[in-house]
Amino acid sequence: MLHRERVYRTEAIVLRRTDFGEADRLLTAFTPGRGKLRLIAKGARKPTSRKSGHVELFSHGQFLVAVGRDLDIVTQAETLEPFLALREDLLRTTYAYYVAELADAFMAEQDENQPLFVLIKDAFGWLCTARDLPLVARYYELHLLGLVGYQPQLFICVGCQKQLEPEVNYLSVGEGSVLCRKCGYDRVGTVELSVSVLKVLRFLQTREWETCRLLRLSPASHAEVERTMNHYITYHLERKLKSVDFIHRLRRQMGLG
């Protein structure tokens with residue numbers, strides 16, 4: 001007879017947390033070996049709790065977890081990386097919410113994806129120090145899509161299987177691909193994609209962050225790349241993410257466009 005383990009230890013990044021009961025916290029955490037988990041941190045809202053400072057939103061920690069009937073229970077927690085800047089700067093906080101919400105939306109519970117765990121952890125680190133937060137978001141989006149099976153094809157036209165030329169092409173979100181001018185011009189559901197935006201998307205998709213962070217995009221290019229990615233993601237999720245509208249409102253209030 002197989003016995004299910006009663007306790008396990010795991011790294012975890014807290015994507016979301018809500019108050020639960022009188023003193024507990026309900027956590028949505030992403031782990032490298034077990035994917036997305038819903039966990040209870042009992043007593044974490046009590047000032048005397050040893051766990052309270054170690055289950056903060058967006059923090060990276062080491063958890064000892066007891067298997068429960070409905071929800072597993074965090075019995076011990078130790079912070080490995082607090083990512084303090086994500087809770088001290090409102091704009092960085094908002095982008096961190098977006099990183100967390102996007103991962104939460106695309107991943108089912110207990111669906112293991114270790115590379116995505118690393119990407120989320122890296123993205124939180126980049127958001128702590130980066131000057132160009134939208135660029136971090138675009139890089140994260142493209143690489144997340146690749147890890148969850150929705151990577152857009154940016155080099156070959158799926159219509160004719162030819163290399164895309166440096167000219168106006170067409171994005172078909174339904175096909176997850178860019179179409180050449182001939183194949184995409186009159187196809188229903190396609191949108192124009194400029195040469196400059198396709199170049200940026202290709203660069204972000206195929207380079208490491210340390211190279212991509214050196215990119216300097218004009219406000220117009222930033223806006224077009226963002227619209228393209230929002231269109232693509234909204235189609236595949238079949239809904240808009242709450243944090244997207246909040247980012248736009250906050251940036252307008254701060255005079256950032």
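Strands β6 and β7 run antiparallel and are joined by three bridges. Strands here are DSSP runs of E with at least two residues, and helices are runs of H or I with at least four, numbered from the N terminus. Two strands count as paired if DSSP finds at least two bridges between them. This is a predicted model, in which local features need pLDDT of at least 70 and side-chain atom pairs count only at pLDDT 80 or more, while totals for chains, interfaces and linings use all residues. Residues are numbered from 1 along each chain as its sequence is written, and side-chain values use heavy atoms, with hydrogens and water left out.

Three strands make up this open sheet, in the order β7-β6-β8, with antiparallel pairing. β7 (177–179) and β8 are the edge strands, each pairing on one side only. From one strand to the next, the twist averages 40°. Such angles run from 0 to 180 degrees between N-to-C directions, with axes fitted as lines to C-alpha atoms. Within the sheet, Y170 stands opposite L179 in β7.

## Y170 and the aromatic pairs

The structure holds eight aromatic pairs. One of them joins Y170 and Y185 edge-to-face, at 6.3 Å centre to centre and with 80° between the planes. Y170 lies in strand β6 and Y185 in the loop between α5 (181–184) and β8 (190–193), so the pair ties together parts that are 15 residues apart in sequence. Rings of Phe, Tyr and Trp (its six-membered ring) pair if their centres lie within 6.5 Å; planes under 30 degrees apart count as stacked, over 60 as edge-to-face and the rest as tilted.

Are Y170 and Y185 buried or exposed? Y170 is buried, at 5% relative accessibility. Y185 is exposed, with a relative accessible area of 60%. Buried means under 20% relative accessible area and exposed means over 50%, with partly exposed in between (1.4 Å probe, protein chains only).

F58, F83, Y97 and F124 form one aromatic cluster. R34 lies over the face of Y8, at 3.6 Å from the ring centre. A charge sits over a ring if NZ of Lys or CZ of Arg is within 6 Å of the ring centre and within 35 degrees of the ring normal.

## Strand β3 and its partners

Strand β3 (residues 35–41) is largely enclosed by the rest of the structure, because six of its seven residues are buried. Seven bridges join β3 to strand β2 (residues 24–31), and the two run antiparallel. They form a hairpin with three residues between them.

β3 also pairs with strand β5 (residues 72–81), through two bridges and in parallel. L39 belongs to both pairings. L39 in β3 is the bridge partner of L27, and L39 also stands opposite D72 in β5.

## Helix α2

Helix α2 (residues 90–106) has 17 residues, which should span 24 Å at 1.5 Å a residue; the end C-alpha atoms are 25 Å apart, which agrees. The expected span is 1.5 Å times one less than the number of residues. α2 is mostly covered, with 13 of its 17 residues buried.

At the start of α2, a side-chain oxygen of D89 comes within 3.1 Å of the backbone nitrogen of L91. D104 lies in α2. Its relative accessible area is 16%, so D104 counts as buried. The side chains of D104 and R16 are joined by a polar contact of 3.2 Å. A polar contact is a pair of N or O atoms within 3.5 Å; within protein, one must be able to donate a hydrogen and the other to accept it, and residues adjacent in sequence count only if both atoms are side-chain atoms.

Helix α4 (residues 133–147) has 15 residues and reaches 21 Å from its first C-alpha to its last, close to the 21 Å expected. α4 is mostly covered, with 13 of its 15 residues buried. What caps the N-terminal end of α4? D132 does: a side-chain oxygen lies 3.1 Å from the backbone nitrogen of L135. Just after α4, G149 takes a positive phi of about 95°.

Q161 is in the loop between α4 and β6 (169–172). Q161 is exposed, with a relative accessible area of 55%. Its side chain reaches the backbone oxygen of V158 at 3.1 Å. Q161 and C180 are 19 residues apart in sequence and 9.4 Å apart in space, C-alpha to C-alpha.
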